[in-house]
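User: I'd like to learn how to read a protein model one feature at a time. Could you walk me through this one?

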Amino acid sequence: MDPSPETEKQLAAVAAAELVEDGMEVGLGTGSTVVHLLPAIAERGLEIRCVATSVATENQARDLGMPIEDFDELKRLDIAIDGTDQVSPERWLVKGGGAAHTREKIVAAAADRFIVIADSSKPVDRIVAPIPLELHAFGLESTLERLRSELGEVELRRVPRSPDNGVIADYLGEVADPAELAVRLSATPGVVDHGLFPPAMVAEVIIARGAEIERL
Ligand code: 5RP
């Protein structure tokens, strides 16, 4: 019998945990795949310093006895490991299903190697909406109006604000070219960040398909 998605998440997470070495400074992502990563790292008993991309990850890590530091204490990270909602053949990612994409992108950008872990439902032929957004609360209606008139439909997500007080929304329009959309979203005043992560940011994607591990 083929492993379930949950087993695939665990397999990918365990493979990524093996990339963590003693003395490393490690960025920890967010989500149901990362939930499997933390125990896999913790049980190796390494001396590492970690930053977390969400309160949920921070709480789980602390429960496992993993030291979590203020990000300001660690300017650079050796490695960051995180899940994804979509990964294209070119390695564009869509992240933010858990609304943590802004912090996740900051942590990924600070890492020498950003490793993505995924079950077999995450690879896609082409990136499609929804693309998660974090918006400034200040001027929200004006930002929504600008996005809708210049880019396409945007819907507020019924979730709490981010830990940085950002409002979470989703872009629902066409994604003809992820690079162009990423530039246009980033250039829109009021957009804190979006969930499109460029291929240049990604060192490796570890995908579990059944019992097999595939590396992009
Ligand atoms: C959270 C994220 C997650 O990494 C992404 O949503 C994948 O989540 P999961 O591992 O639960 O499928 O970007 O903001």
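This is a predicted model: local features need pLDDT of at least 70, side-chain atom pairs count only at pLDDT 80 or more; totals for chains, interfaces and linings use all residues.

User: Let's start with the overall picture. What secondary structure does the chain have?

Analyst: The chain has six helices and 13 strands. Along its principal axes, the C-alpha trace spans about 50 × 40 × 30 Å.

User: How does the radius of gyration of the chain fit that of a compact globule?

Analyst: The idea is to set the value beside what a compact globule of that length would have. For 216 residues, that would be near 17 Å, and the chain has 17 Å, so the two agree.

User: What share of the residues is buried, and what does the surface consist of?

Analyst: Buried here means under 20% relative accessible area. By that cut-off, 50% of the 216 residues count as buried. The chain exposes about 10,200 Å², and carbon and sulfur atoms supply 50% of that area. As for charges, there are 21 positive and 38 negative ones, and their mean positions are 3 Å apart.

User: Which domains does the assignment give?

Analyst: A domain may be built from separate pieces of sequence, as you can see in domain 1, which takes in 5-123 + 198-210, while domain 2 covers 131-192. Their centres, taken over C-alpha atoms, are separated by 24 Å. Ten residues from domain 1 and twelve residues from domain 2 make up the contact.

User: How much of the contact pattern joins residues at least 24 apart in sequence?

Analyst: Take the contacts between residues at least 6 apart in sequence: 73% of these join residues at least 24 apart. Ile-206 gives you a case to look at.

User: Is Ile-206 buried or exposed, and which residues does Ile-206 touch?

Analyst: Ile-206 counts as buried because its relative accessibility is 0%, and the cut-off for buried is under 20%. Beyond its sequence neighbours up to four places away, Ile-206 touches residues that include Ala-12, Ala-15, Ala-16, Leu-19, Ile-115 and Ile-213.

User: What about a helix? Which residues of helix 2 are buried?

Analyst: In helix 2, residues 34-42, the buried ones are Val-34, His-36, Leu-37, Leu-38, Ala-40 and Ile-41. To see what covers them, look at their partners: they pack against helix 1, strand 1, helix 3, strand 3 and strand 6.

User: Now the backbone. Which residues have a positive phi without being a glycine?

Analyst: Ala-99 is one, with a phi of about 65°, and Asn-165 is another, at about 70°. Ala-99 lies in the loop between strand 5 and helix 4, and Asn-165 in the loop between strand 8 and strand 9. Ala-99 is buried because its relative accessible area is 14%. Asn-165, with 44%, is partly exposed.

Methods. Residues are numbered from 1 along each chain as its sequence is written. Side-chain values use heavy atoms; hydrogens and water are left out. Helices (H or I, at least four residues) and strands (E, at least two) are DSSP runs, numbered from the N terminus. The radius of gyration is taken over C-alpha atoms; the globule rule is 2.2 Å times the number of residues to the power 0.38. Buried means under 20% relative accessible area, exposed over 50%, partly exposed in between (1.4 Å probe, protein chains only). Contact means heavy atoms within 4.5 Å. Accessible areas come from the Shrake-Rupley method with a 1.4 Å probe; for residues, only the protein chains shown count as cover. Lys and Arg count as positive and Asp and Glu as negative; His and the chain ends are not counted. The place of a charge is taken as NZ of Lys, CZ of Arg, CG of Asp or CD of Glu. Domain bounds come from an automatic or database domain assignment.
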